[in-house]
Amino acid sequence: MLKKACICAVIVLIAPALACLAQTKGVVVEEVIARVNNDAITRSDLERARTELQQEAQQDCPKCTPQEITDRVGAENKNLLRDLIDNSLLVQRGKDMGVNLETEVVKRLDEIRIQNNISSMEELETQIDKSGVSFEDFKNNIRNQLMQQEVIRHEVGSKVILDHATVQKYYADHKSEFVRPEQVTLREIFVSTEGKQESEIPALRKKADDLLQRVKNGEDFGELAKHFSDGSTAKQGGDLGRFEHGQLAPNIEQAVFALQRLQMTEVIPTKTGFLTLQVGEHYAAGQQPEEKVDAEIQDRLYNEQLRPALRAYLGTLREDSYVSVKPGYTDAAAVPSSTIEEVPPTPDNDDKKKKKSTPTTSPTPVPGSKPD
C-alpha cells in the first residue's frame, strides 16, 4: 500500500546521468561534500539533483511563471543534500538486508525499451551509451531507486497498520467533508503525438490500443500509466483528481459520467495524442456512505502516518551510521550523532568500534571520485 507520492516527499530519485567532473591541473578531481559510511556524495550529485528538481517543477506546473518555478524549487532546495544522504542510507540498508532486485531491474529496463519503441535490449544499451550515460550507471540508478522503495515498503510501510475503528472514527469526525455533488475521480494513460511525423501516428495509436487491452486483460491501470503514459501525471499513476459536471470537455464528461468504478473509456483521439481514462470512483450526489470513501480515508491516514514514520526510521539509520558533511553544506536532518570525527585506524574492538563526538566537519575538501 506504499504510496509513491509519500516516498518522493522524502526521497529525490536521481536522474541517470554521469557526474560532472572538475579538471584540476590535468587530474580529474570530484569534490566530495558528504560521506555516508563508505559512500561519497559529490557536488555534481547535488547539482544534478537540483537540475532534476527544476525539471520536475516545470513538468508539474507547465503554466507557472519563471518566478513561480523558482519559488517552488527554493522551497525544496534546502532538503536536497538531506535527500541524497537518505538515498544512500536506504540503498546501503537494502544491501545489508540482502535485497535482490535483478529481476525487477530487467523488467523495468524492458518497459523502458517498449515505451521508447526500441527493438532490443542491445539497442537500448547502445542508445543510452550514445546519450553520454553509461548503461551500467543507468541500470544502477534504476536498481537503487527500486532498492529505496523496497526498504521503505518492508521496513516502514508494512508497520503502518490501520484498523477499521480508526477509519470509522475519521469518517465520523470529518463527515461533512464527504458531502459532495456527483463526481468522478479519473486516471489517464496519454500517448502523445506532438512533434511526430504522420507516418508515426498509426504506431502510436496501436500503442494506446495495446495499453487499453492490457488493462482489460487484468494489468493495473496505474502501473501501466507510470511506465508508459506520456502525460505529466505518469509518475502519479495517471491520477488526474476529482471532477464535477462542467469541469470537463463535453465529449469526455459524457463518456466518464456514464461509467462506474474501474470502468474505462475507449481510446479518445485528441489534438495532441490518444487518451484513455479510467474512473477510480463515481460518487453520487449527497452524503457519501463510509464504504464508498473507505479507501480514500485509508490513503489519507496511511500517508499521514508514513511520513513521520519514515523520517524516524531514517533518523535511526543516521544514528547507526557515519555521516560527515563538508563545511558550507547543510544536512537538514542531521542528528547529534550523525557527524563523526575521523580518528586514526585502530584494531577492532567490540566495545567501541568508532569514536563519536559532537558534530564536527573537516575544514578541507575530502578527495574522492565515487559518485552516488
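Predicted model: local features only at pLDDT ≥ 70, side-chain atom pairs only at ≥ 80, totals over all residues.
Trainee: Okay, what is the strand order in the open sheet?

Mentor: The open sheet has 4 strands in the order β6-β5-β8-β7, with antiparallel pairing. At its edges sit β6 (239-244) and β7 (268-270), each pairing on one side only. From one strand to the next, the twist averages 40°. Such angles run from 0 to 180 degrees between N-to-C directions, using lines fitted to C-alpha atoms, for helices over the stretch in contact.

Trainee: Which helix packs on the sheet?

Mentor: Contact means heavy atoms within 4.5 Å. Helix α12 (residues 290-319) touches β6 and β8 (273-283), and its direction makes about 120° with that of β8.

Trainee: Is Q278 buried or exposed?

Mentor: Buried means under 20% relative accessible area, exposed over 50%, and partly exposed in between (1.4 Å probe, protein chains only). Q278, which lies in strand β8, has a relative accessible area of 4%, so it is buried.

Trainee: And what does its side chain make a polar contact with?

Mentor: A polar contact is a pair of N or O atoms within 3.5 Å; within protein, one must be able to donate a hydrogen and the other to accept it, and residues adjacent in sequence count only if both atoms are side-chain atoms. The side chain of Q278 has such a contact with the side chain of R187, at 2.6 Å. The backbone oxygen of L262 also lies 3.5 Å from a polar atom of the Q278 side chain. Leaving aside residues up to four places away in sequence, Q278 touches residues including V215, F221 and M264.

Trainee: How many residues of helix α10 are buried?

Mentor: First the general idea: an α-helix has 3.6 residues a turn, so residues three or four places apart point the same way. Helix α10 (residues 221-228) is mostly covered, with 6 of its 8 residues buried. Those are F221, G222, L224, A225, H227 and F228. They pack against α5 (102-115), β5, α9 (201-216) and β8. At the N-terminal end, D220 caps α10: a side-chain oxygen lies 3.0 Å from the backbone nitrogen of G222.

Trainee: How many disulfides does a search of the whole structure find?

Mentor: A disulfide is a covalent bond between the sulfur atoms of two cysteines; the cut-off is a pair of cysteine sulfur atoms within 2.5 Å. The search finds 1, joining C61 to C64 with S to S at 1.7 Å. The torsion about the S-S bond of C61 and C64 is about 80°, so the disulfide is right-handed. Both C61 and C64 are buried.

Key
Residues numbered from 1 in each chain as written. Heavy atoms only, no water. Pairing = 2+ DSSP bridges. Helix = DSSP H or I, 4+ residues; strand = E, 2+ residues; numbered from the N terminus.
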